[in-house]
Amino acid sequence: MTPDNIRTVIGIIGNGTALMLYLSPVPTFYSIWKKKTVEQYSAVPYLATLLNCMIWLFYGLPVVQPHSMLIITINGIGLVIELTYIAIFLAYSVGAARRRVLLILAAEVSFVAAFAALVLNLAHTHVLRSMVVGILCVIVGTGMYAAPLSIMKMVIQTKSVEYMPLFLSLASLASGTCWTAYALIEFDLYITIPSALGVVFAVVQVILYAIYYRSTQRILEARKQQILEACKGKADLIPMTEVVVDGKNGNTTGSGAGKSHC
């Protein structure tokens with residue numbers, strides 16, 4: 001098997017792992033949809049991934065880097081998936097959080113459109129276009145993999161991994177490893193740098209998960225107990241002003257307002 005064939009096989013596997021990475025937040029967004037709130041989840045990783053998909057999709061186009069169908073397919077699919085996530089986030093966020101996401105989304109689309117127009121009009125060879133777009137891919141790709149740093153900071157501060165899904169970290173690790181191998185077989189600096197950094201950041205996330213998993217379970221259990229105690233207190237408390245006396249039978253009943261809704 002030739003190096004090109006090996007590279008193609010690894011690229012296909014890389015597409016599969018990247019698809020896993022794109023789909024890994026599905027449980028998170030199912031939870032958001034079910035609870036009708038984004039809670040403390042951040043839209044930053046999904047906005048960063050969206051920008052990354054747009055730039056890499058442009059990089060893979062024949063007018064920039066010919067023979068890059070694997071890059072086009074996975075980033076085209078990723079673009080659709082990330083837009084879906086952001087749409088759900090917008091639907092269940094409110095106020096300043098929603099406005100911030102809309103502004104960032106508009107800024108990203110405007111930036112990519114302006115950048116693409118400049119590259120296509122000012123750079124007239126594939127070599128120059130791939131170099132310019134490739135440099136931006138490195139910057140944006142690094143930003144995508146570094147986006148969870150804000151979540152990692154929250155994990156350290158709260159000692160809880162509740163809002164850092166393990167599957168997302170593992171999918172990021174698998175994807176970064178495959179694409180690093182893909183780039184090293186037929187050396188492509190623009191793919192190697194962000195992919196290798198992605199491996200490093202993913203390993204750090206997995207380590208944090210291992211460190212704070214037990215403390216997260218204790219925090220969740222304590223929260224559950226507080227909710228149960230609060231519900232029990234409400235159930236036991238019936239205001240005297242809401243007690244109705246049945247004169248015939250001598251029974252007392254609490255009015256609907258005094259019943260617990262826990």
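The questions below set computed values from this predicted model against the cut-offs behind each label.

Q: Why is Cys53 called buried?
A: Its relative accessibility is 0%. Buried means under 20%. Cys53 therefore counts as buried.

Q: What makes Cys137 buried or exposed?
A: Cys137 has a relative accessible area of 0%. That is under 20%, so Cys137 is buried.

Q: How many disulfides does the rule give?
A: The count is zero.

Q: What makes the contact of Lys35 and Glu39 a salt bridge?
A: The N to O distance between their side chains is 3.5 Å. The cut-off is within 4 Å, so the pair qualifies. The structure holds one salt bridge.

Q: Why are Lys35 and Glu39 called partly exposed?
A: Lys35 has a relative accessible area of 48%, and Glu39 has 36%.

Q: How many cavities of 30 Å³ or more does the search find?
A: Two, across the whole structure. The second largest cavity holds about 240 Å³ of space.

Q: Which residues line the second largest cavity, and of what kinds?
A: There are 16 lining residues, with Asn52, Trp56, Asn75, Tyr145 and Trp179 nearest the centre. Eleven are nonpolar, five polar and none charged. Helices supplying at least two lining residues each include α3 (44-60) and α8 (166-185).

Notes: Residues are numbered from 1 along each chain as its sequence is written. This is a predicted model: local features need pLDDT of at least 70, side-chain atom pairs count only at pLDDT 80 or more; totals for chains, interfaces and linings use all residues. Side-chain values use heavy atoms; hydrogens and water are left out. A disulfide is a pair of cysteine sulfur atoms within 2.5 Å. Buried means under 20% relative accessible area, exposed over 50%, partly exposed in between (1.4 Å probe, protein chains only). On a 1 Å grid over the protein atoms alone, a cavity is a set of points where a 1.4 Å probe fits but cannot get out, and a pocket is an open set with protein on both sides within 12 Å along at least five of seven lines; lining residues have an atom within 4 Å of a point. Grid points are joined across faces, edges and corners, and a volume is the space filled by probe spheres set on the points. Helices (H or I, at least four residues) and strands (E, at least two) are DSSP runs, numbered from the N terminus. Ala, Val, Leu, Ile, Met, Phe, Trp, Tyr, Cys and Pro count as nonpolar, Asp, Glu, Lys and Arg as charged, and the others, Gly among them, as polar.
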